[in-house]
2 protein chains.
Amino acid sequence: MDKLMRRLSTQDQNFKQVFADLLAFETVSDPELLKTVDQIIADVRQHGDAHVLKLTQQFDRHPAHQFSELELTQEQLKAAFDGLSTEVREALELAANRIREFHQAQKQDGWTYVDALGNTLGQKVTPLDRVGIYVPGGLASYPSSVLMNAVPAHVAGVPEIIMVVPAPNGELNPLVLAAAYLAGVTRVFTIGGAQAVAALAYGTETIPSVDKITGPGNRFVAAAKRAVFGQVGIDMIAGPSEILVYAEGQNNAKWLAMDLLSQAEHDTVAQAVFITPDEQLLNDVADAIEEHLQALPKADIARTSIENRGALVLVKDRAEGVELINQVAPEHLMLCLDEAVEMAEEIRHAGAIFMGRYTPEAIGDYCAGPNHVLPTSGTARFSSPLGVYDFQKRSSLIMCSQDGVKTLAKTADILAQQENLDAHARSARYRYQ
Amino acid sequence: MDKLMRRLSTQDQNFKQVFADLLAFETVSDPELLKTVDQIIADVRQHGDAHVLKLTQQFDRHPAHQFSELELTQEQLKAAFDGLSTEVREALELAANRIREFHQAQKQDGWTYVDALGNTLGQKVTPLDRVGIYVPGGLASYPSSVLMNAVPAHVAGVPEIIMVVPAPNGELNPLVLAAAYLAGVTRVFTIGGAQAVAALAYGTETIPSVDKITGPGNRFVAAAKRAVFGQVGIDMIAGPSEILVYAEGQNNAKWLAMDLLSQAEHDTVAQAVFITPDEQLLNDVADAIEEHLQALPKADIARTSIENRGALVLVKDRAEGVELINQVAPEHLMLCLDEAVEMAEEIRHAGAIFMGRYTPEAIGDYCAGPNHVLPTSGTARFSSPLGVYDFQKRSSLIMCSQDGVKTLAKTADILAQQENLDAHARSARYRYQ
């Protein structure tokens with residue numbers, strides 16, 4: 001029988017090239033789409049609420065007649081929360097509480113010290129004033145995304161958290177509103193697309209301009225975020241979801257197969273990679289994947305993802321596994337072996353590391369505590385999970401004493417002259433002469 | 001006599017609009033330039049060293065015949081350092097040591113905790129593997145920029161720091177090479193422009209690809225950095241330099257005037273703003289600026305900057321000053337008054353805050369210790385000075401115990417079902433059933 005999933009071995013002659021090609025994922029920018037997005041941004045800047053309303057009626061088929069109908073009240077959010085079943089409400093509360101607890105540990109404080117010359121130096125940490133959270137509508141309208149974006153902002157101390165979520169045909173997911181209620185969102189507008197990003201970045205009569213926009217969205221939203229970057233801050237533009245599972249020793253192949261499929265079911269271009277030095281386990285996982293696919297509701301999506309971008313990779317030993325993992329810099333990494341903690345110490349690049357056999361990636365998506373917004377497509381080489389630090393910023397503090405400044409001013413004078421910056425040199429010189 | 005610098009008062013009827021217009025600075029993207037830059041990037045990706053050499057010969061009129069001539073040796077860097085005068089060498093060493101000391105205080109460590117269920121959660125912090133530092137050539141080739149970009153990377157523990165600096169006609173500033181030697185730069189290539197950014201982002205036969213590119217550059221460099229963002233990390237795209245000086249009480253108007261001019265001399269579009277509730281001081285500073293301009297070598301640049309983008313603003317009181325400062329979110333802020341520390345507590349947005357009368361901004365450019373790469377054009381609302389944290393990234397750590405996972409897996413199961421993600425739900429369910 002022809003197996004579904006690509007099998008590789010580091011012993012294959014062309015392994016390096018095949019593996020590199022497998023990882024390659026380049027989003028091509030579409031000039032027509034960029035033009036459309038630029039036009040939407042220009043029109044929203046010029047016409048404000050009226051244009052946002054018009055596009056919302058047009059693209060989302062929203063029945064609103066006036067802009068004011070596009071804002072939800074806190075009472076509506078609370079009603080959504082109160083309307084949940086006990087089971088779901090408790091699950092959402094547990095998730096929100098755990099996410100809050102973890103993110104509180106990320107909060108940074110300022111500091112100062114006095115140097116040997118008697119000058120005070122330091123760093124002040126402040127929250128952003130106002131942020132925008134983009135939440136996709138329709139099928140991908142996930143309450144977990146609301147928690148993962150809004151809770152860190154709330155923990156950071158951001159006073160105003162503005163959420164936008166499109167409501168196709170005027171329909172909203174009550175769980176998304178309940179999550180907004182739990183997470184401390186200040187205002188919610190039922191708008192989406194590039195027009196929502198433009199409204200958040202530049203403000204309209206009704207929507208206040210924010211300082212940073214985070215959250216996932218379709219290619220229009222991604223292009224709009226890229227376009228307004230600089231006017232406001234943005235989080236990373238997310239690529240398709242990925243998981244890399246490394247396993248050794250006693251493992252349940254069915255569990256591992258389902259962990260791989262939990263990413264594959266997200267998207268046909270999601271990537272699930274399994275690495276092991278154990279050929280028997282590799283065969284068992286391959287079989288389990290095929291078995292699971294018989295019963296999964298999203299089997300079509302998962303199958304395409306597994307066929308096109310998935311791989312089962314046989315390595316010689318753990319050291320080779322570490323090397324491949326650091327090359328991939330995976331968004332999600334599961335280390336299913338007895339020495340998971342020791343192995344994690346060797347990992348230089350990963351969004352989140354799930355250690356041991358009882359830590360499925362899926363709990364990280366909802367309620368383990370750490371953020372599920374993670375660097376994709378190898379960007380864990382240089383970026384971090386979304387966190388409280390994304391909603392805080394720093395200012396340097398410098399205060400010299402009349403004596404303490406002298407050495408510094410002399411030094412600045414000398415170096416400024418070398419750079420031919422005369423006003424700099426003179427401004428420093430005043431303080432020591 | 002017609003005064004040079006714009007004078008405003010918060011009591012003016014149209015103050016809000018005039019002040020907002022003064023702050024507005026929008027860089028317009030030039031489609032032709034973007035096309036040129038995209039082509040350079042594509043060509044460097046395809047032809048590697050050969051294309052970089054060709055463009056370096058063409059744009060920089062560099063006399064190199066082979067690519068290998070574009071790399072400097074550590075011996076060349078050391079020779080540049082050894083060739084400095086004692087005065088300059090000591091100044092550069094003092095600056096490097098102070099920058100290193102301040103940035104060491106920024107270094108972040110990982111942490112873990114065990115939750116009430118017995119699960120371990122945490123955050124691992126790792127340095128980037130390899131970074132690229134862009135240093136402009138020619139007139140704007142500043143040794144201080146080398147220190148401010150390379151020292152934080154070195155303190156973060158980045159093992160490889162690759163510096164690029166164009167050498168027009170093959171000429172280099174020895175002080176820049178000496179700074180690279182002091183700062184711990186690993187390799188130096190004498191290339192620049194979009195081709196240098198492309199080479200760092202994608203790698204060539206000789207130049208290794210990096211994970212992040214920082215440092216200032218002209219509009220080609222800025223456009224190239226924007227284009228490779230995602231493939232690698234980048235720092236903020238810097239706008240023109242700005243200073244905002246607030247003063248009250250006993251102050252030397254000549255000092256304050258020179259502090260304002262020290263930013264104005266950078267660039268004709270730099271911005272210097274003076275705010276005070278003291279009309280006499282405002283007049284004195286205006287006079288001192290005009291007097292200083294008679295003697296400054298860069299008077300032409302400074303005069304244009306002051307005339308086009310500068311302002312002297314009279315406020316009613318300190319509270320109004322705080323409000324304006326938070327609206328501007330200045331790159332550099334000087335608070336020249338007895339209660340500078342108290343006033344700084346009210347400031348929510350600024351790149352760096354210089355407190356008291358003995359803390360000229362110029363010492364921050366060279367040797368106070370904090371970074372001189374700061375958020376411009378109001379981006380201090382959402383971003384921070386360049387720092388060690390820009391060269392470190394975080395990975396989340398999650399390790400559940402066999403018992404501890406049960407509550408989490410149940411919760412994830414419930415929420416995943418609500419999101420119609422069946423593989424997620426099943427993967428969680430395996431761990432508690």
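Residues are numbered from 1 along each chain as its sequence is written, and chains are lettered from A in the order in which they are written. Because the model is predicted, local features need pLDDT of at least 70 and side-chain atom pairs count only at pLDDT 80 or more, whereas totals for chains, interfaces and linings use all residues, and side-chain values use heavy atoms, with hydrogens and water left out.

Chain A can be laid on chain B with an RMSD of 0.0 Å by a turn of 180 degrees and a shift of 0.0 Å along the axis, the superposition being made by least squares on the C-alpha atoms of residues with pLDDT of at least 70 in both copies. That is the relation of a two-fold axis. Contact, here meaning heavy atoms within 4.5 Å, involves 119 residues from chain A and 118 residues from chain B. Of the interface residues of chain A, 99% are also interface residues in chain B, so the copies meet through the same surface.

The area buried between chain A and chain B is about 10600 Å², with carbon and sulfur atoms giving 60% of it; buried area is the accessible area (1.4 Å probe) that two parts lose on being put together, summed over both. Across the interface, 64 residue pairs are in polar contact, both residues being at pLDDT 80 or more. A polar contact is a pair of N or O atoms within 3.5 Å, of which, within protein, one must be able to donate a hydrogen and the other to accept it, while residues adjacent in sequence count only if both atoms are side-chain atoms. Eight salt bridges are counted between chain A and chain B, each defined as a side-chain nitrogen of Lys or Arg within 4 Å of a carboxyl oxygen of Asp or Glu. One of them joins the side chains of B:Arg348 and A:Asp129 (2.9 Å, N to O). On the side of chain A that touches chain B, helix 16 (residues 405–418) of chain A gives the most, with 10 residues; helices (H or I, at least four residues) and strands (E, at least two) are DSSP runs, numbered from the N terminus.

An unreviewed UniProt entry carries the annotation "active site" for A:Glu331 and A:His332; its positions are given in the numbering used here, feature names are shortened, and annotations may be inferred rather than shown by experiment. A:Glu331 lies in the loop between helix 13 (318–328) and strand 13 (332–336) of chain A and is buried, with a relative accessible area of 5%, where buried means under 20% relative accessible area, exposed over 50% and partly exposed in between (1.4 Å probe, protein chains only). A:His332 is placed in strand 13 of chain A and is also buried, at 2% relative accessibility.

The annotation "binding site" in the unreviewed UniProt entry covers A:Ser241, A:Gln263, A:His266, A:His332, A:Asp365, A:Glu419 and A:His424. These residues span 184 positions in sequence, and the farthest two C-alpha atoms are 55.9 Å apart, so they do not all gather at one spot. A:Asp365, in helix 15 (residues 361–366) of chain A, is buried with a relative accessible area of 9%, and its contacts beyond four places in sequence include A:Gln263, A:His332 and B:His424. A:His424 is found in helix 17 (residues 422–429) of chain A and is buried at 1%; among the residues that A:His424 touches are B:Gln263, B:His266 and B:Asp365.

B:Ser377, with a phi of about 55 degrees, is placed in the loop between helix 15 (361–366) and strand 15 (392–399) of chain B and counts as partly exposed at 39% relative accessibility. B:Asn420, also with a phi of about 55 degrees, lies in the loop between helix 16 (405–418) and helix 17 (422–429) of chain B and counts as exposed at 53%.
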